[in-house]
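This report concerns the charged pairs of one protein model and the surroundings of its ligand. Please consult the sequence and the structure shown here while reading.

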Amino acid sequence: MKDLQRLADRYGTPLYVYDGSVLVRQYEKLRAALPQRVEIFFAMKSNPNLAIVALFRRLGAGVDIASVGELRAALRVGVAPQKIVFSGPGKTDAELEAAVAADIFAINVESEGELERVQRIAQRVGRRVRVGLRLNPPFAPGEGAVIIGGAVPQKFGIDLARARAAVALAQRLSHVELIGIHIFNASNVLDAEAWVKNAESIIETAVELARATGFALRYIDVGGGLGVPYREGERELDVSVLGEGLGRAVRELSAETRVLIEPGRYLTAEAGVYVTRVVEIKETRGERFVVVDGGVHHLLRPVLVGQSHPVRVLSCGGEGGVGVAGRCSIAGPLCTALDYLARGVELPVVRVGDLVVVERVGAYGFTESMPYFLSHPTPAEVLIWEGREHVIRRRQRPEELWAWQSVPEGLL
Ligand code: LLP
């Protein structure tokens with residue numbers, strides 16, 4: 001994206017910019033590598049902007065949703081209910097009711113209690129509801145991945161040891177139709193072989209469980225977890241190895257069994273940048289700080305998961321301040337010691353007025369942040385799509401932050 005200076009001038013900073021051609025490239029690369037029968041369901045949580053969901057729908061993807069908000073957004077941009085699965089712990093009754101009313105493809109149920117709640121809701125509307133069981137297995141792929149599964153107690157899924165009991169319960173419930181198995185147990189896996197090995201275990205687990213308990217396995221959802229390199233020296237995930245491995249793993253499956261994969265990061269991370277402008281440069285106790293106009297209220301991920309992102313300076317030829325080069329920390333404007341976009345990075349000469357661009361933030365970027373702290377306007381988001389730029393979220397005005405607030409009479 002060579003145009004960032006112009007975009008920053010036109011739309012102001014801080015600003016998110018997404019390159020649609022990278023979104024398309026990632027989708028097509030994965031699509032071409034995967035066996036035809038494997039269906040891509042975009043994990044909306046990685047970037048739920050309507051335009052981005054609409055783009056993946058246009059390319060043929062379904063979606064994996066995690067809330068009623070994501071359900072409404074998916075329906076709003078025309079995702080077919082048959083191409084929606086709903087996963088996530090703590091789905092409320094209202095959310096389950098909305099999913100049942102929309103008649104989505106399946107609800108990935110995370111506990112026996114949730115199964116019973118689906119039963120009650122299904123009974124009320126008088127029809128059977130399709131569910132899959134999300135299992136928490138004792139295996140998980142590779143080092144370096146952000147493990148959210150594995151053999152630890154956790155809120156996600158049903159422990160594999162209880163899976164048979166959960167299946168038996170589903171089979172007893174008159175309005176629940178158990179049709180699938182879902183496992184998502186790690187994110188940001190860069191080793192294709194490790195990812196495939198994990199997928200093989202998922203498929204084996206699902207097939208064995210269905211066989212042993214006698215339910216018709218109409219889908220297996222192998223989760224997401226496809227990684228992208230963030231640090232220098234990290235190698236890209238080899239999707240051809242992944243595709244071939246998955247191809248081998250699904251070869252024996254009955255044609256009746258749909259295979260879903262639900263990537264988020266792989267599709268969106270590399271397409272997004274967060275553009276900030278340098279406000280101050282200062283040195284304190286031997287450390288250099290470049291203070292920019294954006295921070296963790298819009299991009300929490302580096303401090304939230306301890307992941308550094310590539311950072312680059314775009315010189316704007318400004319005269320302001322004293323230019324510095326070398327090791328710096330890039331800090332935002334928030335009154336918290338957490339507010340860093342990067343620490344101890346080597347930068348070229350940087351001056352007040354220059355742009356500092358944080359890269360690979362299209363996944364778990366703005367959506368995983370804390371926009372309300374300090375009442376800054378939310379950033380605009382711009383999508384470059386087929387050679388044109390589109391504002392897909394306009395900057396919020398300060399007054400709009402009050403829109404949902406009210407002051408009791410007499411306090412004004
Ligand atoms: N499916 C389910 C049920 C999920 O919970 C997730 C992500 C995905 C699919 C997509 O996973 P992906 O392909 O993007 O790895 N805080 C972390 C991200 C956590 C991912 C949560 N679940 C981060 O900032 O990297």
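## Salt bridges

The structure holds 25 salt bridges, a salt bridge being a side-chain nitrogen of Lys or Arg within 4 Å of a carboxyl oxygen of Asp or Glu. This is a predicted model, in which local features need pLDDT of at least 70 and side-chain atom pairs count only at pLDDT 80 or more, while totals for chains, interfaces and linings use all residues. Residues are numbered from 1 along each chain as its sequence is written, and side-chain values use heavy atoms, with hydrogens and water left out.

One network of salt bridges links Asp 3, Arg 6, Arg 10 and Glu 389.

Glu 97 and Arg 124 form a salt bridge, with 2.8 Å between the closest N and O atoms. The pair connects distant parts of the chain, since Glu 97 belongs to helix H5 (residues 93–102) and Arg 124 to helix H6 (residues 112–125), 27 residues apart; helices (H or I, at least four residues) and strands (E, at least two) are DSSP runs, numbered from the N terminus. Glu 97 counts as partly exposed because its relative accessibility is 34%, and Arg 124 counts as exposed at 58%. Here buried means under 20% relative accessible area, exposed over 50%, and partly exposed in between (1.4 Å probe, protein chains only).

A salt bridge also joins Glu 270 and Arg 360, whose closest N and O atoms are 3.5 Å apart. Glu 270 lies in the loop between helix H10 (265–268) and strand E13 (272–284), and Arg 360 in the loop between strand E18 (355–359) and strand E19 (380–385), 90 residues apart. With a relative accessible area of 17%, Glu 270 is buried, whereas Arg 360, at 23%, is partly exposed.

## Ligand surroundings

Domain 1 (4–11 + 270–395) and domain 2 (20–268) both contribute residues to the shell around the ligand, so the ligand lies between them; the domain bounds come from an automatic or database domain assignment. Of the 20 residues around the ligand, the nearest are Ser 187, Glu 262, Arg 301, Tyr 364 and Glu 368, where a residue is near if one of its heavy atoms lies within 4 Å.

A polar side-chain atom of Lys 45 is 3.3 Å from an oxygen atom of the ligand, and a backbone N or O atom of Arg 265 is 2.8 Å from an oxygen atom of the ligand. A polar side-chain atom of Glu 368 lies 2.8 Å from a ligand nitrogen atom.

Conventions: A polar contact is a pair of N or O atoms within 3.5 Å; within protein, one must be able to donate a hydrogen and the other to accept it, and residues adjacent in sequence count only if both atoms are side-chain atoms.
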